[in-house]
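Thank you for asking me to look at this structure; my notes follow as numbered points.

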Amino acid sequence: MPQQRPFKQVDVFTAQALRGNPLAVVLDGSGLSDAQMQDFARWTNLSETTFVLPPSATAAAQGADYQVRIFTPGGELPFAGHPTLGTCHAWLEAGGTPRSATGIVQECKVGLIQIRRDSGRPAFAAPALQRSNPSPALLAQVAAALGLRSRHIVAAQVLDNGPVWMGLLLDSLSTVLQLQPDHLALKNLGQKVGVAFVEHAQAAPTLIARSNREARAFGARSAGDAAADDCTTLEVRAFAAPMGVLEDPVTGSLNASLAQWLIADGHAPTCYVAHQGTCIGRDGRVHILRDADDQVWVGGDSVTCITGTVLL
């Protein structure tokens, strides 16, 4: 029998409601079948809907506070970034109490995800990344679907941290912002694509003031951090037609894998802010930091927009 379940809708990767990526959170998913979860996610028509459950016995023994199932309108995800931060925000706001004083442990299909709050802004530890060079044939097909020529592509990688993305580093901000993808072609290829441009202050002096305000993602920074890091931003777009989402407003999993790749290969500094959603009227901010242990942390604000119940 359907029952009233506590529900929240939150806006993630923003401190201002309606400017980030919305997320539906069913705070008690106990007893729901996979089909019921999928049906509700399709009905909300948001990029992701999550269902909070008690952790499995194995995960609980390893410190997990809760389990989350993550669904898009088209299927379940093993991991996703904005649902991780948004679900954590909703769980804490609803009275969830972490087992540890230092952070929250979330169980999802990809495993256990660490979330810390010691700097004020919640941030999750990017899961392990597997990456590889795309095949030339697939890269050419994706480039054609995006309307790109080879000269526009600085670097490319297949990025897998649960979700699989083809990541493309492009040559300019205008190239990123002017893309008008053939979404049907991307869907037929079964390919999710994330594109980015790294904008350093030296190349874009008009952005220095904006970057200085926003790039101090995690409060105090170590003395060894380069001053130029505070003047670096990424512009990111994410196209996920195979999952039923043409353009995702702000994408934590993609930004996590982009950060691991771009920092490791010297394309981006160890601390920066990624902007996403510009072309669809959003203003998302993803705060990236790689710490002294080479762990990448992905942080962002969340705002609750709706609190109530849902009959499921």
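1. On helix α4, the face turned away from the buried side carries the exposed residues Pro-136, Ala-137 and Ala-144, where exposed means over 50% relative accessible area, buried means under 20%, and partly exposed lies in between (1.4 Å probe, protein chains only). Helices (H or I, at least four residues) and strands (E, at least two) are DSSP runs, numbered from the N terminus. This is a predicted model, in which local features need pLDDT of at least 70 and side-chain atom pairs count only at pLDDT 80 or more, while totals for chains, interfaces and linings use all residues. Residues are numbered from 1 along each chain as its sequence is written, and side-chain values use heavy atoms, with hydrogens and water left out.

2. Which residues of α4 (residues 136-146) are buried? They are Val-142, Ala-143, Ala-145 and Leu-146. Seen down the helix axis, these buried residues fall within an arc of 160°, so they line one face of α4; the arc is that of the directions from the helix axis to the C-beta atoms.

3. The cover over the buried residues of α4 includes the strands β10 (153-160), β11 (164-170), β12 (193-200) and β13 (232-240), together with helix α6 (183-189). Contact here means heavy atoms within 4.5 Å. Just after α4 comes Gly-147, which takes a positive phi of about 75°.

4. Glu-48 lies in the loop between α1 (34-44) and β3 (49-53), and with a relative accessible area of 7% it is buried. Not counting residues up to four places away in sequence, Glu-48 touches a set of residues including Pro-22, Leu-23, Phe-71, His-82 and Asp-248.

5. Is helix α8 (residues 252-264) mostly covered or mostly uncovered? It is mostly covered, with 12 of its 13 residues buried, among them Leu-254, Leu-258, Trp-261 and Ile-263. At 1.5 Å a residue the helix should span 18 Å, and its end C-alpha atoms are 18 Å apart, which agrees; the expected span is 1.5 Å times one less than the number of residues. α8 is followed by Gly-266, whose phi is positive, near 80°.

6. Gly-63 lies in the loop between α2 (57-61) and β4 (66-72) and is partly exposed, at a relative accessible area of 22%. Leaving aside neighbours within four places in sequence, Gly-63 is in contact with Arg-99 and Val-105. The C-alpha atoms of Gly-63 and Glu-107, which are 44 residues apart along the chain, are separated by 9.4 Å.

7. On the cysteines, a search of the whole structure finds 0 disulfides, a disulfide being a pair of cysteine sulfur atoms within 2.5 Å. Cys-271 counts as buried at 0% relative accessibility, whereas Cys-279 is partly exposed at 35%.

8. Taken over the chain, the secondary structure comes to 8 helices and 18 strands, and buried residues make up 55% of the 312 residues. Among contacts between residues at least 6 apart in sequence, 68% join residues at least 24 apart.
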